[in-house]
Amino acid sequence: QVQLVESGGGLVQAGGSLRLSCVASGSILSINAMDWYRQAPGKQRELVASFTSGGITNYADSVKGRFTISRDNAKNTVYLQMNSLKPEDTAVYYCHTRMLVLFKSWDDYWGQGTQVTVSS
């Protein structure tokens with residue numbers, strides 16, 4: 001059973017910080033990019049940040065300079081450090097990756113989501 005498990009969400013005041021973590025576990029042979037998405041109520045899911053297997057990072061314009069994505073390949077873990085949080089960052093944050101799993105082909109996997117709420 002392959003899983004992506006997120007942690008680190010919560011309630012924080014505007015200007016505060018949170019650090020999200022996402023661990024991939026199971027019979028994993030290879031991992032491509034690891035990403036963070038978010039979905040606010042009534043809005044479409046959007047890409048927040050990505051970390052490619054080649055070490056390239058990309059960010060949505062709305063979080064550039066405030067969020068930092070990092071990755072520990074030895075632990076199959078991706079992090080999202082979120083600083084200077086704003087109320088508009090309130091959303092459910094999802095971890096996503098594309099993995100090659102034992103006895104399966106490359107496929108997309110999603111975490112269960114973790115709620116981030118920023119109060120004004």
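Begin by selecting strand 3 (residues 18-25) and strand 8 (residues 77-82), an antiparallel pair joined by 6 bridges. Strands here are DSSP runs of E with at least two residues, numbered from the N terminus, and two strands pair if DSSP finds at least two bridges between them. The model is predicted, so local features need pLDDT of at least 70 and side-chain atom pairs pLDDT 80 or more, while totals for chains, interfaces and linings use all residues. Residues are numbered from 1 along each chain as its sequence is written, and side-chain values use heavy atoms, without hydrogens and water.

Within this pair, select L20, whose bridge partner in strand 8 is L80. Then widen the view to the open sheet of 4 strands, ordered 1-3-8-7 with antiparallel pairing. Strand 1 (3-7) and strand 7 (67-72) are its edges, each pairing on one side only.

Next, select C22 and C95, which form a disulfide with sulfur atoms 2.1 Å apart (the cut-off is a pair of cysteine sulfur atoms within 2.5 Å). Because C22 lies in strand 3 and C95 in strand 9, the pair ties together parts 73 residues apart in sequence. The link is left-handed, with -80° about the S-S bond. C22 is buried at 0% relative accessibility, and C95 is likewise buried, at 0%. Buried means under 20% relative accessible area, exposed over 50%, and partly exposed in between (1.4 Å probe, protein chains only).

Finally, select L102, in the loop between strand 9 (91-101) and strand 10 (107-110). L102 is partly exposed, at 38% relative accessibility.
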